[in-house]
Amino acid sequence: MSIEKVRAYFNQYGIADRIQEFEVSSATVELAAQALNCASCRIAKTLSFMVNGRAILIVTAGDAKIDNPKYKAQFGTKAKMLTPDEADRLTGHAVGGVCPFAVNEGVTVYLDNSLKRFETVFPACGSSNSAIELTIAELENYSGFISWVDVCKGWGISL
């Protein structure tokens with residue numbers, strides 16, 4: 001299971017015990033916000049795309065949506081999300097639990113500016129019923145991200 005990969009990954013940093021697992025699904029932003037009893041915008045959703053034949057992950061705030069013109073300007077191609085089968089096979093995580101931790105080799109991670117307004121956010125941990133609370137600096141450190149990007153719209157309310 002991919003949550004076990006993430007647990008082993010976080011164990012090397014001494015933070016595996018911070019992973020939260022729920023009796024209910026956290027597979028969508030809304031379900032995760034309910035499970036965590038937090039605002040949906042603080043859920044750090046990880047979206048998977050195909051760029052030039054390679055999988056990329058973009059971690060965004062829960063209330064953000066991909067802005068196609070910004071995405072194309074950033075990556076030079078139209079936004080094409082991975083299918084559920086491609087996401088599982090290429091990233092190492094199934095849809096509903098996709099996260100930027102313990103991903104397959106060759107997957108590039110980006111963080112979207114929509115996250116910068118929060119002190120802490122809640123990304124998934126490889127399963128559809130898990131999350132971890134991380135500061136933005138921790139998210140930067142543990143995600144192995146390449147760069148911050150500005151590819152989203154529809155966000156802006158600070159809580």
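Me: Is Leu134 buried or exposed?
Reply: In this predicted model, Leu134 is found in strand E8, which spans residues 134-135. Its relative accessibility is 0%, and the cut-off for a buried residue is under 20%. Leu134 therefore counts as buried.

Me: Which residues does Leu134 touch, not counting residues up to four places away in sequence?
Reply: Leu134 and Val121 are 13 residues apart in sequence, with their C-alpha atoms 5.6 Å apart in space. Val121 is also one of the residues that Leu134 touches. The complete set is Ile15, Arg18, Phe101, Glu119, Thr120, Val121, Pro123, Leu139 and Tyr142.

Me: What is the distance between the closest N and O atoms in the salt bridge of Arg18 with Glu138?
Reply: Arg18 forms a salt bridge with Glu138, its closest N and O atoms being 2.9 Å from those of its partner. This pair links distant parts of the chain, with Arg18 in the loop between H1 and strand E1 and Glu138 in helix H5, 120 residues apart. Arg18 is partly exposed at 31%, whereas Glu138 is buried at 19%. The distance asked for is 2.9 Å.

Me: Which helix holds both Asp85 and Arg89?
Reply: The side chains of Asp85 and Arg89 meet in a salt bridge at 3.9 Å, N to O. Asp85 counts as exposed at 53% relative accessibility, and Arg89 counts as exposed at 51%. The two residues lie four apart, about one turn, in helix H4.

Me: How many salt bridges does the structure hold?
Reply: Side chains of opposite charge can pair when their charged atoms come close. Salt bridges with shared partners join Glu4, Arg7 and Glu21 into one network. The total for the structure is seven.

Me: Which residue in E5 is the bridge partner of Leu57?
Reply: Strand E3 (residues 54-61) has seven of its eight residues buried. E3 pairs with E2 in the antiparallel sense over eight bridges, and there Ser48 stands opposite Leu57. E3 also pairs with strand E5 (residues 108-112) in the parallel sense over four bridges. In E5, the partner of Leu57 is Val109.

Terms used:
Residues are numbered from 1 along each chain as its sequence is written. This is a predicted model: local features need pLDDT of at least 70, side-chain atom pairs count only at pLDDT 80 or more; totals for chains, interfaces and linings use all residues. Side-chain values use heavy atoms; hydrogens and water are left out. Buried means under 20% relative accessible area, exposed over 50%, partly exposed in between (1.4 Å probe, protein chains only). Two strands pair if DSSP finds at least two bridges between them. Contact means heavy atoms within 4.5 Å. A salt bridge is a side-chain nitrogen of Lys or Arg within 4 Å of a carboxyl oxygen of Asp or Glu.
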